[in-house]
Amino acid sequence: MPQPQRKAVALISGGLDSMLAARLILDQGIHVEGINFFTGFCVEGHTHAIRKRDRARPKRNNALWVAEQLGIRLHIIDVSEPYKEVLLNPRHGYGANLNPCLDCKVFMVRKALEWMEANGFDFVITGEVLGQRPMSQRRDTFPVVARESGAHDRLLRPLCAKLLPPTLPEREGWVDRERLLDLSGRSRKRQIELAHRYGLHDFAQPAGGCCFLTDAAYSAKLADLWRARGRRDYTLDDIMLLKVGRHIRPRPHFKLIVAREEGENRFLEGYRRRFTHLYTVSHKGPLTLLDGEASEADLELAARITARFSQGRDAERVEVEVVERAGGSRRLTVAPMGRDEIPQGWYV
């Protein structure tokens with residue numbers, strides 16, 4: 001009796017490793033479908049799409065692009081709400097920044113496992129490489145991911161499988177272990193060679209990753225947000241705004257988000273009704289959102305900072321429109337702050 005075709009669900013990040021892992025399994029006649037989880041933090045094309053200076057860069061969802069290259073279906077699933085628990089209370093703690101990488105990997109594999117069981121698939125594959133990342137891709141943390149996700153030996157890592165104990169798909173003969181790889185370490189040389197053998201020359205930079213939580217500047221802004229609000233929580237809009245503009249906190253009770261260029265101005269305009277906001281009238285300049293509560297003196301300070309980043313920065317006076325969130329607007333004529341008048345400590 002012919003054996004049924006086995007089916008694997010591949011975690012597709014949009015990077016090279018997950019693409020190669022899926023390709024290795026496809027080459028063995030396995031039916032593969034991809035899954036990509038939206039957390040709000042891994043949106044690598046988002047800031048490129050906003051900024052005018054990045055206009056020439058390709059705008060694409062790399063996970064969808066990878067799926068297209070592989071000729072497989074991709075399922076994009078919004079997990080931004082359940083992901084909050086991973087970020088706010090990571091069982092295994094954070095990495096160098098606010099990156100809960102080990103808990104994140106456990107979460108992703110668990111979600112993939114749930115999808116696998118609900119859709120009649122046989123195992124889960126990832127693009128992990130032994131020793132590639134210091135927190136979640138170590139010999140001692142691989143079993144943690146397999147155990148705590150519930151996937152156990154139905155989790156196959158094709159790129160480094162030969163360095164690990166055989167999994168269920170290998171033992172059962174669904175997958176030929178000899179056709180899997182033994183990659184380890186942080187060098188991407190062998191992955192790039194393999195990609196070229198497959199005829200793949202245009203792929204996301206493999207070392208870049210897409211998670212803003214591994215970025216020190218982004219993590220500092222998120223920590224500042226929690227500190228200012230007195231609680232560890234966030235909305236999707238909060239984490240999107242952390243990616244855009246200069247974030248300046250001149251006083252503990254309010255922060256300014258100052259657009260850096262035309263594309264960011266347009267993006268922030270979508271939020272202006274939710275915030276007290278300022279923009280220069282007498283000179284071309286940025287849109288500034290004010291997050292928090294501000295007194296009259298605070299608004300004048302905010303106007304002077306906004307003027308500092310306008311084309312009137314060297315003028316004696318700049319006219320600034322202040323539109324309050326509660327309604328009503330007025331114009332302030334202010335002296336722009338000098339470069340040295342804005343302490344570095346105000347920049348978040």
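This is a predicted model: local features need pLDDT of at least 70, side-chain atom pairs count only at pLDDT 80 or more; totals for chains, interfaces and linings use all residues.
**Entry 1: α5 against α6**

On the α5 side I listed Leu102, Lys105, Val106, Val109, Arg110 and Leu113, and they meet Val144, Val145, Glu148 and Ser149 in α6. Sorted by class, the residues of this contact come out as 6 nonpolar, 1 polar and 3 charged.

Next I looked up the geometry. The axes of α5 and α6 come within 8 Å and cross at roughly 45 degrees, and the two helices are therefore oblique to each other. I noted the crossing of α5 and α6 as right-handed.

**Entry 2: α4 against α5**

I stayed with α5 (residues 101-118) and turned to α4 (residues 80-88); their axes come within 9 Å and cross at roughly 150 degrees. That angle makes α4 roughly antiparallel to α5, because angles over 145 degrees count that way. The crossing of α4 and α5 is right-handed.

Which residues make the contact between α4 and α5? From α4 I wrote down Pro82, Tyr83 and Val86, and from α5 Asp103, Cys104, Phe107 and Met108. By class, I have 6 nonpolar residues, no polar ones and 1 charged one in the contact of α4 with α5.

How many of the 11 residues of helix α1 are buried? I find 9 of the 11 buried in α1 (residues 16-26), so this helix is largely enclosed by the rest of the structure. The buried ones are Leu16, Asp17, Ser18, Met19, Leu20, Ala21, Ala22, Leu24 and Ile25.

I then asked what covers the buried residues of α1. The cover includes the strands β1 (7-11), β2 (31-38), β4 (123-125) and β5 (155-156), along with the helices α3 (62-70) and α8 (189-197).

I followed up on α8. The axes of α1 and α8 come within 11 Å and cross at roughly 55 degrees, and these two are therefore oblique to each other. The crossing of α1 and α8 is left-handed. Leu16, Asp17 and Leu20 of α1 make the contact with Gln191, Ile192, Leu194 and Ala195 of α8. My tally by class for the contact of α1 with α8 is 5 nonpolar, 1 polar and 1 charged. Leu16, Asp17 and Leu20 are also on my list of buried α1 residues.

**Entry 3: leucine 74**

I picked out leucine 74, which sits in strand β3 (residues 74-78). Is leucine 74 buried or exposed? Its relative accessible area is 17%, and leucine 74 is buried, because buried means under 20%.

Leaving out residues up to four places away in sequence, I see leucine 74 touching Ile12, Gly34, Ile35, Asn36, Ala63, Leu64 and Ala67. I also checked leucine 74 against phenylalanine 38: they are 36 residues apart along the chain, and their C-alpha atoms are separated by 13 Å.

**Entry 4: histidine 152**

As a reminder to myself, most residues other than glycine have a negative phi.

Where does histidine 152 lie? I found histidine 152 in the loop between α6 (142-149) and β5. Histidine 152 is partly exposed, with a relative accessible area of 46%.

**Entry 5: lysine 221**

I moved on to lysine 221, in helix α9 (residues 216-229). With a relative accessible area of 12%, lysine 221 is buried.

What does lysine 221 touch, not counting residues up to four places away in sequence? I have Leu242, Gly245, His247 and Val348. I also looked at lysine 221 and lysine 243: they are 22 residues apart in sequence and 9.0 Å apart in space, C-alpha to C-alpha.

**Entry 6: the whole chain**

I count 12 helices and 11 strands. The C-alpha atoms fill a box of roughly 85 × 40 × 35 Å along the principal axes. Of the 348 residues, 51% are buried.

The chain is divided into domain 1 (7-211) and domain 2 (244-346). Taken over C-alpha atoms, the centres of domain 1 and domain 2 are separated by 41 Å.

Terms used:
Residues are numbered from 1 along each chain as its sequence is written. Side-chain values use heavy atoms; hydrogens and water are left out. Axes are lines fitted to C-alpha atoms, for helices over the stretch in contact, and angles run from 0 to 180 degrees between N-to-C directions. Helices (H or I, at least four residues) and strands (E, at least two) are DSSP runs, numbered from the N terminus. Angles under 35 degrees count as roughly parallel, over 145 as roughly antiparallel, 65 to 115 as roughly perpendicular and the rest as oblique. A crossing is left-handed if the near helix is turned anticlockwise from the far one by less than a right angle, and right-handed if clockwise. Contact means heavy atoms within 4.5 Å. Ala, Val, Leu, Ile, Met, Phe, Trp, Tyr, Cys and Pro count as nonpolar, Asp, Glu, Lys and Arg as charged, and the others, Gly among them, as polar. Buried means under 20% relative accessible area, exposed over 50%, partly exposed in between (1.4 Å probe, protein chains only). Domain bounds come from an automatic or database domain assignment.
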